[in-house]
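Take a walk through this protein with me.

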Amino acid sequence: MDVTDLARLQFAVTTVYHYLFVPLSMSLSLLTAGFHTAWLRTRHEHLKQVTVLCGQLLLITFAVGVVTGLVQEFQFGLSWSSFARFYGDVFGPTLAIEGMLAFFLEATFLGLWFFGWDRLPRGVHLATIWIVAIGTQLSAFIILSANSFMQNPIGYSIDAETGRAELNDFSTLLFNKLNLAAYPHAATGALMTGGALLLAVSVWNQLRRPSSIGSDRAAVRVMGRVGAWVMVVAGAGTAITGDRLGVVITEVQPMKMAAAEALYSTTTGAPFSLFSYAGPGEAEPSIKIDIPGLLSFLATHNFHGTVQGINDLQAQYVQQYGDGNYVPWVPVAFWSFRLMIGVGMTAAALAALYLLVTRKDRDLPAFLHTPRLRPVAVLVPVVIGLMPLAANAIGWIFTETARQPWLAFGLFKTGDGVSSGLTAAEVVISLVGFTLVYGVLAVVWVRLLCRLVRSGPGAEHAGHGGDHGDDHADGHGDPHASSPDPGAADRLALTY
């Protein structure tokens with residue numbers, strides 16, 4: 001592997017690892033805010049238990065996500081400084097705003113929410129977690145606009161003297177039509193990860209401690225049902241937004257869609273390939289299982305639409321950009337596209353099955369608790385929890401690898417973006433360092449997560465002490481009967 005390949009591997013490792021925590025933070029912040037709102041409206045104790053557990057999961061995920069994001073930015077500056085010089089004027093404003101939102105808005109208000117139990121009026125306390133949820137979404141939208149520029153560069157000009165891209169219109173960058181299609185897809189995909197985590201925690205507790213679940217049953221059950229409903233609804237949303245994103249990709253990056261389908265010749269009424277295989281030395285697949293017309297419909301919303309093929313696009317790009325290979329690695333694009341869809345939709349189907357099995361206040365089937373089957377059954381929540389995360393990660397692998405050989409499509413090639421003077425040894429050493437840091441973070445995060453999962457939603461938690469405490473927090477009632485418990489937040493922290 002040369003230095004460019006190693007730098008790409010380093011970018012892939014840091015980005016995929018960081019993106020395990022981003023969708024979880026996006027979804028858990030919304031779910032925590034939703035549960036908190038539901039608890040304030042109903043005053044049901046089990047909703048408060050779920051709110052606190054959701055917030056704990058959000059806190060540890062957000063903290064690790066911030067650290068992994070810093071490492072990602074460090075590697076970008078280390079290995080991709082040539083691209084940073086070209087792209088800096090475009091990426092700088094988005095990175096600065098995203099940093100402000102992530103570090104100041106999200107972190108500040110998450111801290112206020114976490115330590116605000118019994119210290120802030122209920123309405124203000126609720127507002128803090130909603131600000132975190134909104135800030136997380138804004139942060140994702142803004143950082144996706146920077147990525148959308150790399151997929152579909154608009155709103156810029158090239159400085160003739162420096163050769164650098166300069167941003168002409170920030171609103172054009174934000175409302176890039178690719179970003180308007182990509183953000184809803186990323187947001188619904190992120191919601192699936194949070195729903196899956198809640199469902200996994202619920203199923204694990206139902207399987208591992210069915211006899212001791214007792215008074216926690218309502219909380220465990222609402223976690224599972226809400227998590228499953230979120231997965232099903234978000235799964236449908238992911239399919240709908242993915243369809244829209246596919247149409248936009250076909251418009252702005254036809255080679256990416258052609259590679260995703262291994263479509264080598266421009267075709268009218270193009271089929272969708274369920275399976276495709278090209279043997280050694282074969283330029284095109286010799287074994288295919290197709291659905292007639294479906295690819296044309298997905299790409300153009302017309303079963304008889306025309307989809308450009310890889311060979312024709314390659315010839316077009318040679319004329320447009322000069323000699324070179326403009327075809328991405330087709331097997332990676334083809335299979336990552338299918339794995340993304342298959343894994344995500346299977347997770348949504350499992351969630352729908354859970355809703356069916358547990359309808360009308362039913363518990364999980366008794367046979368899952370038999371001594372022989374239960375050790376295997378407890379692996380089910382682990383798989384469910386990981387599937388949407390895997391689908392999100394695979395989706396990014398498809399997005400970034402099928403764009404090659406470009407960093408900014410049509411403007412800047414990947415091979416030109418590597419830092420000048422960077423050696424393969426330096427990349428390997430830094431990659432080993434990043435991997436060690438990520439390994440430590442993974443151990444810490446998994447241990448904290450497992451401790452929270454084992455404790456379940458009924459564990460000791462902080463919160464508003466009761467109606468008297470609420471009155472005091474709002475500035476009314478008997479202050480002696482409603483003194484806030486200053487140790488509550490500390491106990492909450494100690495539950496970690």
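The secondary structure comes to 18 helices and 8 strands. Helices (H or I, at least four residues) and strands (E, at least two) are DSSP runs, numbered from the N terminus. The model is predicted: local features need pLDDT of at least 70, side-chain atom pairs count only at pLDDT 80 or more, and totals for chains, interfaces and linings use all residues. Residues are numbered from 1 along each chain as its sequence is written, and side-chain values use heavy atoms, with hydrogens and water left out.

How much of the protein is buried? Of its 496 residues, 50% are. Buried means under 20% relative accessible area, exposed means over 50%, and partly exposed lies in between (1.4 Å probe, protein chains only). The accessible surface comes to about 21700 Å². Carbon and sulfur atoms hold 67% of that surface. Such areas come from the Shrake-Rupley method with a 1.4 Å probe; for residues, only the protein chains shown count as cover.

Now look at contacts, meaning heavy atoms within 4.5 Å. Take those with a separation of 6 or more: 80% of them join residues 24 or more positions apart.

Next, go inside. A nonpolar core is a set of buried Ala, Val, Leu, Ile, Met, Phe, Trp, Tyr and Cys residues joined through side-chain atoms within 4.5 Å. The largest one here has 43 residues. Which of them touch the most other members? They are Leu57, Leu110, Ile129, Leu197, Leu198, Trp445 and Leu449. Seven helices, α2 (22–42), α3 (45–79), α4 (81–115), α5 (122–151), α7 (177–208), α8 (217–252) and α16 (424–455), each supply at least two residues of this core. Helix α3 gives the most, with 11 residues. Not counting residues up to four places away in sequence, Trp445 touches Phe21, Leu24, Ile60, Thr61 and Val64. Apart from this core lies another, of 22 residues, among them Leu178, Ala259, Phe272 and Ala333.

Some buried residues deserve a stop. Gln75 lies in helix α3. Gln75 counts as buried because its relative accessible area is 0%. Beyond residues up to four places away in sequence, Gln75 touches Gln10, Phe11, Thr14, Trp80 and Phe434. Met26 sits in helix α2. With a relative accessible area of 3%, Met26 is buried too. Leaving aside neighbours within four places in sequence, Met26 is in contact with Thr136, Gln137, Ala140, Tyr183, Ala187 and Ala190. Met26 and Phe62 are 36 residues apart in sequence, and their C-alpha atoms are 9.2 Å apart in space.

Follow helix α5 next. Of its 30 residues, 22 are buried, so α5 is mostly covered. The expected span of a helix is 1.5 Å times one less than its number of residues. For α5 that gives 44 Å, and its end C-alpha atoms are 44 Å apart, which agrees.

Turn to charge. Side chains of opposite charge can pair when their charged atoms come close. A salt bridge is a side-chain nitrogen of Lys or Arg within 4 Å of a carboxyl oxygen of Asp or Glu. The whole structure holds 8 of them. Asp361 and Arg217 meet in one, at 3.3 Å from N to O. Asp361 is in the loop between α12 (330–357) and α13 (374–377), Arg217 is in helix α8, and 144 residues separate the two. Arg217 also pairs with Asp363, the closest N and O atoms being 2.8 Å apart. Asp363 lies in that loop between α12 and α13, so this pair ties together parts 146 residues apart in sequence. Arg217, Arg221, Asp361 and Asp363 are linked in a network of salt bridges. Arg217 counts as partly exposed, at 27% relative accessibility. Asp361 is partly exposed at 47%, and Asp363 at 46%.

Is the pair of Arg338 and Glu261 buried or exposed? Both residues are buried. Their closest N and O atoms are 2.7 Å apart. Arg338 lies in helix α12 and Glu261 in the loop between α9 (254–260) and β3 (267–268), so the bridge ties together parts 77 residues apart in sequence.

Leu274, Phe275, Tyr277, Ile287, Ile289, Ile291 and Trp335 make a nonpolar patch of about 630 Å². Patches are made of residues with over 30% relative accessible area and no salt bridge; like charges are joined within 9 Å, nonpolar side chains (Val, Leu, Ile, Met, Phe, Trp, Tyr) within 5 Å. Strands β4 (272–277) and β5 (287–291) each give two or more residues to the patch. Ile289, in strand β5, counts as partly exposed at 47% relative accessibility.
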